[in-house]
Amino acid sequence: MSSPSEVTLIPWDPLSESHKILLFKQRVECSWDMELVQEIWRDEQIRGEKCIYWIALPDNDLVGGEHEKLMDTAVSINAATRQPTQATFIPIGHISLDSRNKKAEKMHLEIPSENVFWIKALFILHTLRGKGFGRAAMDKIEGIAVQEPLHAKTLMLDTVEREDQLREEFARATYGGVPKITNQDWYSSRGYKCLKIVQNYYDAKDKNGKMWDTKTVFMRKDL
Ligand SMILES: CC(C)(COP(=O)(O)OP(=O)(O)OC[C@H]1O[C@@H](n2cnc3c(N)ncnc32)[C@H](O)[C@@H]1OP(=O)(O)O)[C@@H](O)C(=O)NCCC(=O)NCCS
């Protein structure tokens, strides 16, 4: 198996049916926002407002279990043309780096008006968690954010607040069990600071159609 540092980020292709189907499937496993993939995320990705990447392992990786493969076909990312490699890869999750977060704009967060990017929709396949792939993906996306052409000075993210994530019923339905480390604690250890906590910011139904009362924590990291 690859060492976790070997993950690469390969742009999601909003024009490819197989990329859309697999992202939908991973969103169903993740439990949230599967209904956005087909049109809303497709259009935002084309406009460059969303930059969704596959968290990828090489095609020949011996990562445990059967995994679907995709081909690198996206012709743009961040609304800039790119040359796809056409290489096949194993998509073990996904992560997005967004230049806008329209919904959060209504939250009156204390953030600069420029050079701010949002890390969104981080997901690793359930069977591959706890092996350092999430960490490797965060390292990579933060690297992309600070470099040309983005020059991010502030990174933002939102996640379920620590105590709420630890609720057993919620954790079982959402993550398959109570996580060993909460998202909030993990992001804190990476330098993200709590900016604001908002009740019921997430209004999406989970994969079972249930709406959970949850607090959302908005976190900020200055680079
Ligand atoms: C959050 C998520 C992406 C993390 O992915 P992952 O591949 O499991 O992450 P890692 O293996 O790199 O572990 C993350 C951290 O938790 C720690 N960790 C993981 N398993 C652990 C365990 N059993 N005991 C203690 N710590 C553990 C790791 O040490 C790591 O910390 P580090 O970066 O300081 O080394 C993944 O759990 C996931 O997809 N969750 C569901 C969706 C979600 O909640 N996404 C975040 C939305 S904001």
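How are α1 and α2 oriented to each other, roughly parallel or roughly perpendicular? The axes of helix α1 (residues 17–30) and helix α2 (residues 37–47) cross at roughly 115 degrees and come within 11 Å. The two helices are therefore roughly perpendicular to each other. Angles of 65 to 115 degrees count as roughly perpendicular, under 35 as roughly parallel, over 145 as roughly antiparallel, and the rest as oblique. Axes are lines fitted to C-alpha atoms, for helices over the stretch in contact, with angles from 0 to 180 degrees between N-to-C directions.

This is a predicted model: local features need pLDDT of at least 70, side-chain atom pairs count only at pLDDT 80 or more, and totals for chains, interfaces and linings use all residues. Residues are numbered from 1 along each chain as its sequence is written, and side-chain values use heavy atoms, without hydrogens and water.

**The helix pair**

α1 passes α2 in a right-handed crossing, meaning that the near helix is turned clockwise from the far one by less than a right angle. Contact here means heavy atoms within 4.5 Å.

| Helix | Residues in the contact |
|---|---|
| α1 | Glu 17, Lys 20, Leu 23, Phe 24, Arg 27 |
| α2 | Val 37, Gln 38, Trp 41, Arg 42 |

The contact residues divide into four nonpolar, one polar and four charged.

**Overall fold**

The protein has six helices and ten strands. These are DSSP runs, numbered from the N terminus: helices are H or I of at least four residues, strands E of at least two. The C-alpha trace spans about 45 × 40 × 35 Å along its principal axes. For residues 10–223, UniProt lists "domain: N-acetyltransferase" in an unreviewed entry; such annotations may be inferred rather than shown by experiment. Over that range the chain is 27% helix and 27% strand.

**Two loop details**

Glu 148 and Pro 149 are joined by a cis peptide bond, with omega about 0 degrees. Pro 149 sits in the loop between α3 (133–146) and β8 (154–160). Asn 115 is not a glycine, yet has a positive phi of about 55 degrees. Its loop runs between β6 (88–98) and β7 (116–124).

How values were computed:
Ala, Val, Leu, Ile, Met, Phe, Trp, Tyr, Cys and Pro count as nonpolar, Asp, Glu, Lys and Arg as charged, and the others, Gly among them, as polar.
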